[in-house]
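Colleague: I'm new to this one. Could you walk me through how to read it?

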Amino acid sequence: MSVQASPAASADLAAEHGRPIPGDALLQPLAIVAIALLLLNDHLFKAVTPGVVTGKLSDIAGLVFFPLLLVAVTELALAVAGRWHGPDPRLITAAVAATGIAFAAVKLLPGAESLYEQVLGLAQWPFRAVAGLIAGGTAAGVPTRVDLTRDATDLVALVALWVPMEVGARRASRGTFGNDRAGDRASAASVAGLRPYDLVVASLSIAMLAGATLDGWAHSHELLALESIITPWHMVVYLSFLAVAIVLLGPPITAKLGGGEAIAAIPAGYGTSVIGVGFFLAMGAADTVWHLTFGIEANAEALLSPTHLGLGLGACLIASGPIRAAWSRNEEATWPAFLPAILSAVAITGLVAFALHIANSFVDPWPRFSYELTDPTWYGPYIGVAAAVVTAGIVAVPMLLLIARWRTLPPGWLTLLFGVSIAGLTFLHDEGVLVGAPILGGFIADLLFVWLRPRLSSWRLQAFALLAPAALIAASFVVLWATGPIAWSAHLIGGTVVLAGGVGWALSLLLRAGVPTRGA
């Protein structure tokens, strides 16, 4: 005769064995820190130092906390009904998806924003009533609507949603008796795999990308300041290059001075990066000669200058070290160990996107301009559609190569790849309102990746390769529509999204046909 343990006894047994218990997602240190930061920011920091940082900080903290709250409430309800059997990774995925979609709707749709203001006012009313009684006054009579400012740039905070996703996934991995030690060992191995050398090179490569983007902005805004090769924007590139060159050349030079073999001292995967340092220096010297001969470039000239393209290639070679090193190792792609590799891929993708930003959906808002034959911008759809196709190809190539190399990839990798590589470009021509659009597109692509789980030998890869770039371009249209008028018709918008998806689908066919892969 079997005896069914009570929920309380089961919880005590689970706690004794180190297993999660229903609702303990809210007891995670991250959840406690997030809610504390949210309260401090809303009631203290915003009053003391109002600005962009404090404005976004509440969004970030709320997005970290709310999915864990949804998971906790759902688990407690299941436990009361006797249907909770341990943490389910599908639950945290659903909570993250629901939170992200609702957040994006509030930031983009007037109706959703109004509903949220009313619901938030209703939720805050009991606390305000209690606070009024404690202060010696009277309780608030009726709930009052909370006034919020709808800001599409807040979509950048969507990146934070993958933090609770990772926390929930690790919690679920400890959900059965006897697996807690294995989960702890896997977590420790992941932390140990975060190689400082890789992280430093990847971070400095991102700094070089940031410097190039700043310099690109200056070439269309500060023409008089570009008469010298020594500018504040150039200095960002120079200093980050100098730092990464020291890091890359340090091991072989030290080995040579010690009587060892210089080439053998170069870390695995970084030979190309060392070559990139020399190539970048050569292109820098050539760029000086080019400027003295032909003058300083402006606008699109700065992109297509042969020496500037050479500098971009050198920067890509430098940035390739961490991803090449990770590619050669027989390791799983998990956070935080995979962070340098994905930052390396982001830097390379961002540099390519910057070099081709004359055709990028997030730089110039062509869908806003009328295109009748008598209009000055009649050619807008031709450039706009081409920009969508180019943008889709730029992000689809690294996306598919990473899928081909690793059987599993950590949550949020596409939000970083799409978002960080493109977001900075929105400021080049003063379209910063679109900064959250690539983050939104990457977030949707991440959800598609979790749902479809694409593999090379499955139709799922082709479906994902079609939908992910389409989601990125669709996100640009959604944010454009939410922040101003759009002149393009539904025919143009729909066709452009389909073409973007077609680029990814075609590349997936090429990948499946002949690219060599190695599983991790």
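**Reading the model**

Modeller: Start with A463: its relative accessibility is 21%, so it counts as partly exposed. Buried means under 20% relative accessible area, exposed over 50%, and partly exposed in between, with a 1.4 Å probe and protein chains only. This is a predicted model, where local features need pLDDT of at least 70 and side-chain atom pairs count only at pLDDT 80 or more, while totals for chains, interfaces and linings use all residues. Residues are numbered from 1 along each chain as its sequence is written, and side-chain values use heavy atoms, leaving out hydrogens and water.

Colleague: Where does A463 lie?

Modeller: In helix α17, residues 459-483. Helices are DSSP runs (H or I, at least four residues), numbered from the N terminus. A463 is also 7.3 Å from W505, C-alpha to C-alpha, though they are 42 residues apart in sequence.

Colleague: How do I check the span of helix α10?

Modeller: The expected span of a helix is 1.5 Å times one less than its number of residues. The 24 residues of α10 (271-294) should therefore span 34 Å, and the end C-alpha atoms are 34 Å apart, which agrees. After α10 comes G295, with a positive phi near 95°.

Colleague: Which helices do the buried residues of α10 pack against?

Modeller: Those residues, including F280 and M283, pack against α8 (196-221), α9 and α12 (306-328). Contact means heavy atoms within 4.5 Å.

Colleague: And what does W413 touch?

Modeller: Not counting residues up to four places away in sequence, W413 touches W335, I342, M399, L402, I403, D446 and F449.

How values were computed
Helices (H or I, at least four residues) and strands (E, at least two) are DSSP runs, numbered from the N terminus.
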